[in-house]
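Subject: Structure handover

Hello,

Here is the structure I promised to pass on. Please have a look at it first; my notes follow below.

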Amino acid sequence: MPRIFLLGDNIDTDNIAPGGFLHLPIERQVEHCLESVINGFSSMVSKGDIIIAGDNFGTGSSREQAPVLLKMIGIQAVFATSFSRLFFRNSINVGLYPGTYFGTNPFTQGDTVNIDFSENRIYNARATLKFNPPAGILREILDIGGAINYAKELISKMENDGQE
Amino acid sequence: MNSSKTAAEKIFSEKSGQDARRGDYVWAVPDLIYMHDILGPSSIKSLNKISGGKTRYPGKVVVVNDHIYPPKDVESAHNIKMLGESAGEEKWETIPFGEGIEHTLLIENGTIRPGMLAAGTDSHTVTAGAAGAMGVGLGSTDIAFLLALGKLWFKVPETILFRVEGTKGKYITGKDIILKVLRDIGVNGANYASMEFHIEKGLKFNMDDDLSIANMTVEAGAKTCIVKNENLASNREFPQSDEGSEFTERIMDISNLEPQIAKPYSPGNVSDAKAVEGIKVDQVYIGNCSNGTISDLREAASILKGEHVKNGVKLIVIPATRNIYKQAIKEGLIGTFLDAGATVGPSTCGACAGLHMGVLAENETCITNINRNFMGRMGHPSSRVYLANSYVAAASAIEGFIKVPGD
């Protein structure tokens with residue numbers, strides 16, 4: 001079952017993907033993901049775990065490496081009370097699910113939970129947290145697996161429509 | 001329907017060919033794309049995945065190698081080489097090496113012009129607002145999407161209009177205005193929004209102050225911005241929101257504004273700089289895309305003239321572009337810096353993003369005129385970065401601790 005990593009407000013892109021390693025191949029950036037917040041974070045995550053954070057998650061840079069690294073270490077979704085614009089867009093584009101929740105998070109660090117993406121809720125025997133899924137075109141991009149697949153599909157439509 | 005529009009609605013209407021209103025999702029074609037050596041290579045990789053490298057983008061693409069230039073290691077050299085090869089195949093405009101930092105340079109050389117919509121791989125693309133263009137930062141895959149399809153979806157932002165009025169204090173710059181805004185509205189106070197600044201006539205701020213303001217609007221979460229300075233004739237043609245269009249208005253009277261400072265670890269953690277005077281610094285860094293301008297160098301030199309950096313403090317000065325560097329030599333500013341014990345480096349993003357040429361060790365403290373002070377931004381996660389204007393940074397270099405000039 002997915003395990004929760006709890007983070008606070010304003011987790012920034014230098015926390016998630018530190019600038020000093022950005023010029024390296026992505027595989028060599030993995031170990032530094034969120035290391036300034038939780039020492040050894042990248043090796044603590046198991047595939048499918050989730051992050052629950054506060055306001056303005058992903059504030060800062062346009063670096064797409066931020067959601068890419070979270071996905072690479074196994075995080076399947078990030079839930080926050082709000083997201084910074086660039087992180088939100090990048091997250092959708094690379095296929096990392098960003099859910100927005102309101103009110104107080106009832107879970108604690110290390111809790112294991114179930115996530116119901118059709119009912120938009122995270123729950124275990126003790127508590128439930130409802131979240132809002134991405135909507136509109138964002139949802140379409142996420143559902144098809146990210147912006148690369150979405151772009152490919154649009155291009156093939158354009159070509160079929162004889163726009164080429 | 002209300003025919004008056006905000007500046008953002010006007011630009012997104014023009015670039016999408018439809019009546020674009022705040023909250024609308026539109027497909028738009030920006031006039032310009034620019035990419036750099038750190039985030040450009042990942043755009044190329046995404047473009048190859050989408051279309052095998054084929055592009056349909058009709059606008060201009062500019063490549064600037066500024067982040068780790070000159071290259072510091074094999075990997076950074078590889079990034080520049082790879083980007084150069086792709087740019088050559090696509091006939092993109094590659095700016096000659098060492099010309100400067102993209103956000104300052106592309107305004108200086110006239111690439112960014114009023115009324116444009118510019119898309120950049122870098123979040124500080126918002127700096128284009130100082131030239132009357134709407135700059136939007138995008139992730140690498142969005143840039144690749146735009147290159148491959150020739151268009152990209154945007155949500156038309158709402159607008160927050162700041163009217164800056166009053167009188168300007170002696171050591172007050174554009175940096176203090178934007179830091180005060182961050183102090184007032186916080187680091188997500190303008191999330192997804194367009195921030196529009198009108199600097200009232202008679203307030204003696206120049207183009208470089210405008211650049212400093214525009215650059216850090218992204219620190220408040222802004223998607224884009226326009227900074228219209230009523231004192232500059234060149235700003236008359238800048239787009240602005242119509243009276244009667246829908247925006248939130250804030251009046252900023254800066255008459256009593258003191259130099260501001262952002263404390264670790266957030267650009268929104270702002271107080272008067274006086275409140276933290278006396279904090280010991282290990283490094284003073286002057287110069288980046290927001291504040292490596294000739295005005296910044298003049299301000300710093302006015303404080304450092306005939307003075308010397310405190311022994312044990314590293315003072316690093318980076319003119320943002322080659323032309324600024326040349327002008328600073330002509331005016332004797334570089335001589336002043338060298339006499340003061342500064343190390344003057346080439347135009348690069350360098351230490352601002354913790355990349356090279358001024359990275360901080362554990363527990364070190366730096367005061368600087370850059371735009372971000374996140375944990376680990378300039379080096380070790382335990383290092384601490386204070387953001388202030390160039391006068392305050394220079395005065396602190398002399399004392400070896402944070403100092404506001406003039407008291």
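A definition to begin with: two residues are in contact if their C-beta atoms, placed from the backbone, lie within 7 Å. This is a predicted model, in which local features need pLDDT of at least 70 and side-chain atom pairs count only at pLDDT 80 or more, while totals for chains, interfaces and linings use all residues. Residues are numbered from 1 along each chain as its sequence is written, and chains are lettered from A and ligands numbered from 1 in the order in which they are written.

Let me start with the domains of chain B, whose bounds come from an automatic or database domain assignment. That assignment gives domain 1 (30-150), domain 2 (159-257) and domain 3 (261-399). Between domain 2 and domain 3 of chain B, the C-alpha centres are 23 Å apart. Here 16 residues of domain 2 of chain B are in contact with 20 residues of domain 3 of chain B. On the domain 2 side, helix 6 and helix 7 of chain B are the elements that give two or more residues, and helix 6 of chain B gives the most, with five residues. Helices (H or I, at least four residues) and strands (E, at least two) are DSSP runs, numbered from the N terminus.

Helix 7 of chain B (207-215) deserves a look of its own. Nine of its nine residues are buried, so this helix is largely enclosed by the rest of the structure. Buried means that 20 or more other C-beta atoms lie within 10 Å of a residue's own, all placed from the backbone; exposed means 12 or fewer, and partly exposed is in between. Among the buried residues are B:Met207, B:Leu211 and B:Ile213, and also B:Asp208, B:Asp209 and B:Asp210. They pack against helix 4 (102-108), helix 6 (174-185), strand 9 (194-199), strand 10 (224-229) and helix 8 (294-304) of chain B.

Now to chain A, which has an open sheet of seven strands in the order 1-2-3-4-7-6-5, with mixed pairing. Its edge strands, strand 1 (4-6) and strand 5 (114-116) of chain A, each pair on one side only. Two strands pair if DSSP finds at least two bridges between them. Strand 6 (121-123) and strand 7 (128-132) of chain A run antiparallel and are joined by three bridges; in one of them, A:Arg121 has A:Lys130 as its bridge partner.

Finally, the two chains meet through 35 residues from chain A and 43 residues from chain B. On the chain A side, helix 1 (13-16), helix 4 (85-94), helix 5 (136-143) and helix 6 (147-160) give two or more residues.

Best wishes
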